[in-house]
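This report describes the pockets, the cavity, the domains and selected residues of one protein model. The sequence and structure are shown first.

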Amino acid sequence: MTAEATATPFDRLDELMATASRTPAHRVSGRVVRISTTFLVVSGLSKFVSIGDAVSIAGLGGPVLAEVATIEAEAINVTPFIADHRIELGARVTALSGQLTLSPHESWLGRTLNALGQPIDDGDPLIIGDRAFTIHGTPPSPLRRNRLGTPLTTGVKAIDLFTPICAGQRLGIFAGSGVGKSTLLAMLSRAPSSDVTVLALVGERSREVRDFLDDTLAASRSRVVSVVATSDESPMMRRLAPSTAMCIAEYYRDRGKNVLLIIDSLTRYAHAMRELALAADEPPVARGYPPSVFSNLPRLLERAGPGEEGAGTITAILSVLVDGDDHNDPIADAARGILDGHIVLDRGIASQGRLPAVDPLASLSRLAPKIRTKNQAQFVTQLIEVISRYEDTRDLRAISGYRPGTDATLDRAMEIVPRVYEAMKQDLDEEPVADVFAYLSETLPGGQRSNSASPR
């Protein structure tokens, strides 16, 4: 006997009700039966919604948007996107049509939005595009994606030398607090090789947002779309902001643009997910982080990268706040395994006044072999060797335990490395450098040494 033959009229009725609930003319609704600090329990909607669907709640100050977090037989848990929602028991909850969507438009360049895609600047109302994108989208098929290989010049000398980037690469900036992550991200936002920059400020101090947008990004503001969720906003808004920024980046990528996506920071995004997951009674597995945090990270990051045939690329630069300068922090460790490279900023280097405080010995770009010529790769490899020798003997030299002339390689390192360190210094007001190897050829002893010869 087939499944159709055993179906009862009630099964068909349930199917029709579920379909009707998702059409604008036939909305189904439930009622709030319990209110907690994070979740609302709603009865009457269990059969008509899925995890991640949007619902509208009748609050005292107007409709409140929320998202379905968990579903049980008699009730669902929903999480409002705003913390000060003013919702009472018995409030009507209406199921909307699936997950949140966004309809970006070319005119959004230069605008500042919140995590829901609503303007928070003093500009005109946003023009709505003709295509809706799901905010929690999916990455392109791995077999239909274009391949990487086109170099992207950032203009930041330390990065172009030690960790060069391809268009479509995903790179993390790992550092503790106060080491210069945000300043380096601002320098990268001016990359001349990108057509559009999408910036997500997640959990940022509200005092610093305007300074960052008006001062740090002043020169490139007209080609930047900013998505802001400050530290005082709800964890739902902080969790949503990177997905909204990714959705906007996907719009420009599908129009053939080379997009630079900057997220500051991935750690605060993980903190927001952790707060929501723990409130939903998900068990912690690694320093308080639940399993869903580690499954959601690749879902977000895999959306960046090259698009399919005819599309552009999304080059993602993400800052990772290393708690307590511990680079084995669970989020830092998970991000390194997903990303295509990492830039490590060192507090000791910053204290020496060498900014940006890039540690060339700990930083890595997995796509560097695709970018460097044979001579450039040989030069950088040997330069790393002399820097390593120089740093390994720093304590010995500090106590006058080394006599010049004893080790020719170390003597050469003592001559070259301070010059390289000085050459790599760069501040936000300095003009980007188009060719770091040509720049070094004028800095290192021996003239054109950086293009073709060994630093030894």
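In this predicted model, β4 (62-71), α6, α7 and α8 each contribute at least two residues to the lining of the largest pocket. Helices (H or I, at least four residues) and strands (E, at least two) are DSSP runs, numbered from the N terminus. A pocket is an open set of points on a 1 Å grid over the protein atoms alone, with protein on both sides within 12 Å along at least five of seven lines, and lining residues have an atom within 4 Å of a point. The lining of the largest pocket comprises 27 residues, and those nearest its centre are Ile51, Glu67, Arg239, Asn296 and Arg299. Because domain 1 (28-99) and domain 2 (102-369) both give residues to this lining, the largest pocket lies between them.

The second largest pocket is lined by 18 residues, with Ser182, Glu204, Arg205, Glu208 and Asp264 closest to its centre. Here α4 (181-188), β13 (196-204) and α5 (206-216) each supply at least two lining residues, and α5 gives the largest share, four residues.

A cavity, in contrast to a pocket, is a set of grid points where a 1.4 Å probe fits but cannot get out. One cavity of 30 Å³ or more is found in a search of the whole structure. The residues that line the largest cavity are Ala158, Phe162, Ile349, Arg354, Pro356, Val358, Pro360, Ile387, Val420, Tyr421, Met424 and Lys425. Both α3 (157-162) and α14 (408-424) supply at least two of the lining residues, and the largest share, three residues, is from α14. Domain 2 (102-369) and domain 3 (375-443) each provide at least three residues of the cavity lining.

The table sets out the volumes and the lining classes. For the volumes, grid points are joined across faces, edges and corners, and the space filled by probe spheres set on the points is taken. For the classes, Ala, Val, Leu, Ile, Met, Phe, Trp, Tyr, Cys and Pro count as nonpolar, Asp, Glu, Lys and Arg as charged, and the others, Gly among them, as polar.

| Space | Volume | Lining by class |
|---|---|---|
| Largest pocket | about 700 Å³ | 12 nonpolar, 10 polar, five charged residues |
| Second largest pocket | about 380 Å³ | four nonpolar, seven polar, seven charged residues |
| Largest cavity | about 110 Å³ | 10 nonpolar, no polar, two charged residues |

Helix α8 (residues 291-301) has the buried residues Ser292, Val293, Leu297, Leu300 and Leu301. These residues lie on the same side of α8 because they cover an arc of only 150° around the axis, where the arc is that of the directions from the helix axis to the C-beta atoms. An α-helix has 3.6 residues a turn, so residues three or four places apart point the same way. Buried means under 20% relative accessible area, exposed over 50%, and partly exposed in between (1.4 Å probe, protein chains only). The cover over the buried residues of α8 includes β12 (170-175), α6 (235-254), α7 (266-279), β17 (313-321) and α9 (330-338).

Threonine 313 is located in strand β17. This threonine 313 counts as buried because its relative accessibility is 12%. Leaving out residues up to four places away in sequence, threonine 313 touches Ala167, Gly168, Arg253, Lys257, Asn258, Val259, Gly305, Pro306 and Gly307; contact means heavy atoms within 4.5 Å.

Alanine 377 belongs to helix α12 (residues 374-392). With 30% relative accessibility, alanine 377 counts as partly exposed. The C-alpha atoms of alanine 377 and leucine 161 are 9.8 Å apart in space, although the two residues are 216 residues apart in sequence.

The protein is divided into domain 1 (28-99), domain 2 (102-369) and domain 3 (375-443), with bounds that come from an automatic or database domain assignment. Between domain 1 and domain 2, the contact takes 10 residues from domain 1 and 11 residues from domain 2. The C-alpha centres of these two domains, domain 1 and domain 2, lie 30 Å apart.

The protein contains 16 helices and 19 strands. Its C-alpha trace spans about 90 × 55 × 45 Å along the principal axes. Of the 456 residues in the protein, 50% are buried. Among contacts with a separation of 6 or more, 72% are between residues 24 or more positions apart.

Residues are numbered from 1 along each chain as its sequence is written, and side-chain values use heavy atoms, with hydrogens and water left out. As the model is predicted, local features need pLDDT of at least 70 and side-chain atom pairs count only at pLDDT 80 or more, while totals for chains, interfaces and linings use all residues.
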